[in-house]
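Student: I would like to go through this structure and ask what stands behind each term.
Tutor: Go ahead, and we will set values against definitions.

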Amino acid sequence: MEALTAAKPLKPRGKSGKFWRTLFQQKYLYLMSIPFVAWVFVFNYIPIWGWTMAFQRYRPGKSFMKQEWVGLDNFRELFHDERFYMALKNTLAMSFMGLFAGFTIPILFALLLNELRRQMFKRIVQTVSYLPHFVSWVVVAGIINKMMSIDGGINGLLMNLHIIAEPIQFLAKADWFWGIVTASDVWKETGWNSIIYLAAMTGIDPELYEAARVDGAARIRQMWHITLPGIRTTIIILLIMSIGNLINIGFEKQFLLSNPIVADKAETLDLYALNYGLQLGRYSFGTAINIFNSVVAVILLFTANTIFKRTSKESIM
């Protein structure tokens with residue numbers, strides 16, 4: 001009996017032994033991840049130290065210890081500025097429009113593209129659709145300005161079809177600016193954003209489609225009952241991430257497509273930080289705006305993740 005007891009192998013104790021065993025088995029994967037972890041740490045975590053500027057009256061050239069600390073004065077100034085709330089309204093409006101159009105249209109486009117049976121035609125359409133993603137916003141803005149000018153292609157087409165009697169200055173209509181920016185962004189990113197949905201569709205079991213065809217289901221019913229449920233997890237995860245980035249829509253397209261006539265509709269929070277922070281040498285004020293953006297983004301991300309985790313049992317954490 002003593003010999004049998006002595007012959008039993010010793011099991012690793014607790015979670016520590018399991019961790020080290022897994023680390024040894026996957027050592028090459030961990031080694032491969034080191035450069036990426038270092039990149040995230042250097043470019044995403046170390047710069048957080050710069051947030052201290054939001055609590056100072058920062059002056060370039062002075063050392064950290066010689067800066068004047070002002071507490072929350074920059075945030076008080078921010079929340080008492082009427083232009084901040086105008087920029088916040090513009091940001092949220094364009095964000096929600098972009099979320100609705102920029103999230104649903106790529107899904108619809110991927111569904112339609114997945115139904116194409118001629119592979120050559122499918123590849124051509126997919127390639128042409130995601131090429132605009134690689135074009136800079138400077139070029140895209142130039143194309144849009146030219147197409148929407150008085151003598152541009154859109155006015156010419158509408159006049160030839162007798163829809164309008166005289167040219168329209170599209171980019172001089174302040175109420176149309178949000179729609180123009182959203183439509184431009186959808187045109188530029190739809191093909192690229194649909195790639196991940198097409199990749200998720202390839203993981204759906206083909207036998208499900210065969211069974212549905214045997215039962216007499218048409219293509220629309222197959223898309224509704226098989227394809228969409230098959231990519232449900234991908235849709236929810238991307239939606240959560242999109243909601244987290246709802247307030248961080250950038251400023252390039254607004255900056256390049258705006259003009260003095262529509263400036264009040266074009267100013268986003270990032271453009272507001274650029275115009276009233278960095279360009280005026282108010283680095284502390286600009287940092288306070290960016291902290292506000294980051295805090296709101298984190299709150300939106302955790303809120304969306306919690307809601308979807310409780311309702312659909314899907315989450316990213």
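Student: What makes the largest pocket a pocket, and what is its volume?
Tutor: The largest pocket of this predicted model has a volume of about 750 Å³. On a 1 Å grid over the protein atoms alone, a pocket is an open set of points with protein on both sides within 12 Å along at least five of seven lines, whereas a cavity is a set of points where a 1.4 Å probe fits but cannot get out. The volume is the space filled by probe spheres set on the points, which are joined across faces, edges and corners.

Student: Which residues line the largest pocket?
Tutor: There are 28 lining residues, and G98, G102, D185, N193 and S242 lie nearest the centre. A lining residue has an atom within 4 Å of a point. Two or more residues each come from α5 (82–114), α9 (177–201), α12 (232–244) and α13 (252–257), and α9 gives the largest share, 11 residues. Helices are DSSP runs (H or I, at least four residues), as are strands (E, at least two), numbered from the N terminus.

Student: Why is N90 called buried?
Tutor: Buried means under 20% relative accessible area, with a 1.4 Å probe and protein chains only. N90 has 0% relative accessibility, so N90 counts as buried. This residue lies in helix α5.

Student: What does the side chain of N90 reach?
Tutor: The side chain of N90 reaches the backbone oxygen of E267 at 3.1 Å. Leaving aside neighbours within four places in sequence, N90 is in contact (heavy atoms within 4.5 Å) with W178, D264, K265, A266 and E267.

Student: Is A54 buried or exposed?
Tutor: A54 counts as buried, because its relative accessibility is 0%. Its place is in the loop between α3 (27–45) and β1 (56–57). Not counting residues up to four places away in sequence, A54 touches G71, N74, F75, S284, T287, A288 and I291.

Student: What is the mean pLDDT of the protein?
Tutor: The mean pLDDT, the predictor's confidence in each residue from 0 to 100, is 87, and 94% of the residues reach 70 or more.

Student: Which rules apply to the values and the numbering?
Tutor: Local features need pLDDT of at least 70 and side-chain atom pairs count only at pLDDT 80 or more, while totals for chains, interfaces and linings use all residues. Residues are numbered from 1 along each chain as its sequence is written, and side-chain values use heavy atoms, with hydrogens and water left out.

How values were computed: Buried < 20%, exposed > 50% of the residue type's maximum accessible area, 1.4 Å probe, protein only. Polar contact = N/O pair within 3.5 Å; in protein donor to acceptor, adjacent residues only side chain to side chain.
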